[in-house]
Amino acid sequence: MVAFLLAVIAAAPAPACNPVPAPAVRFTPGEQLRYKLDVLGADVGTFEVTLEIPQGADRERATLMARSRAKTSAFVSTNLGRYEAFVSTLLHADLMPVRFREELDEGENHRSLEVDFPPRGGKLQAKTTINGKPDSLDLAASPAARDILSTFFLLRAQPLKRGTPICAEVYAARKMWTLAGTVGPREQIETPLGKFNAVRIDATATRHDDPGVKRSTHVWVTDDDRRLPLVAVGDVRGKTIRAQLVEAPGSRSKTVSTKPERKTGAPRVGTSIGR
């Protein structure tokens, strides 16, 4: 991730999102999800997400603590460069973030970042360092802005009615983005954990400082009370990366053995996308 300040934002404000509906489900502390990342079938890394009860003084500020860890595989680290990130976010009951923290190792460089939400005075101000030296990051953002990890839960929590619009202003990778999309069709997909009935969410992220930079993504979420994100496929720097859920301890989601009825003409990205 190359660091530079977003001087263009003030002259070209991002389009506003309509208020996101209140969460349709509640998440329980103790959840653990582990994903395998691949590019065209080649293993490139792992991604983990856990949900906990806030500790100490944080219990007075938030209801949930979400943590994630992403890292490259040994092959990628050796041949292309090491990448490892530790992220945490404190969440209110409505899944709005309170505080976001990130520790990132990329090659020989270490970055740290801490951001308080909501933004104030139209700015998302962050405390950042590069290799221990103070850095600055000052981004234009509305009071509705959120971080990438809280967005992971927001997408899962929406009513899974086909055609429901989704829009969020998201901080990720030292940039502000607009994530816009819709809830798509119900599909049955095959994954490393089995076959599941799922709902597809289609979205595109557009960078605020450069609207020509877009990232499309498709996410399949189980059509049940856990709303497990089974598979995500997205474009990153010209490459298609797939994340597959490979472990979900304590999951109550059940696989299926029969194919659900599909509407003729429904968009189809692939029923075996998780394989």
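Predicted model: local features only at pLDDT ≥ 70, side-chain atom pairs only at ≥ 80, totals over all residues.
The mean pLDDT of the protein is 83, and 80% of the residues score at least 70. Among the helices and strands, confidence is highest in strand 9 (residues 146-147), at 96, and lowest in helix 1 (residues 74-79), where the mean is 61. Residues 1-15 stay under 50 in pLDDT, and the model gives them 28 contacts beyond four places in sequence. The stretch 258-272 is also below 50, with 28 contacts in the model beyond near neighbours in sequence.

Strand 10 pairs with strand 9 in the parallel sense over two bridges; here Arg-146 stands opposite Val-170 of strand 10. Together with helix 2 (residues 148-157), strand 9 and strand 10 make a right-handed β-α-β unit. Strand 10 also pairs with strand 11, in the antiparallel sense and over eight bridges, and Ala-172 stands opposite Lys-175 of strand 11. Seven of the eight residues of strand 10 are buried, so the strand is largely enclosed by the rest of the structure.

The hairpin of strand 10 and strand 11 has two residues between the strands, and Ala-173 takes a positive phi near 55°. Arg-174 is found in the loop between strand 10 (165-172) and strand 11 (175-191). Arg-174 counts as buried because its relative accessibility is 6%, under the 20% limit. The C-alpha atoms of Arg-174 and Asp-138 are 9.4 Å apart, although the two residues are separated by 36 residues in sequence.

Side chains of opposite charge can pair when their charged atoms come close. The model holds 14 salt bridges. In the one between Glu-52 and Arg-67, the closest N and O atoms are 2.9 Å apart. This pair links strand 2 (residues 42-52), which holds Glu-52, to strand 3 (residues 64-72), which holds Arg-67. Both partners are partly exposed: the relative accessible area is 27% for Glu-52 and 37% for Arg-67.

A salt bridge also joins Arg-99 and Asp-58, with 3.3 Å between the closest N and O atoms. Arg-99 lies in strand 5 (residues 97-106) and Asp-58 in the loop between strand 2 and strand 3, 41 residues apart. Arg-99 is buried, at 7%, and Asp-58 counts as buried at 16%.

Glu-187 and Arg-200 form a further salt bridge, in which the closest N and O atoms are 3.0 Å apart. The pair links strand 11 to strand 12 (residues 194-207). Glu-187 counts as buried at 1% relative accessibility, as does Arg-200 at 2%. Salt bridges with shared partners also join Glu-31, Arg-156 and Arg-226 into one network.

Conventions. Residues numbered from 1 in each chain as written. Heavy atoms only, no water. pLDDT = per-residue confidence, 0-100. Helix = DSSP H or I, 4+ residues; strand = E, 2+ residues; numbered from the N terminus. Contact = heavy atoms within 4.5 Å. Buried < 20%, exposed > 50% of the residue type's maximum accessible area, 1.4 Å probe, protein only. Pairing = 2+ DSSP bridges. Right-handed = clockwise from strand over helix to strand, strands pointing away. Salt bridge = Lys/Arg side-chain N within 4 Å of Asp/Glu carboxyl O.
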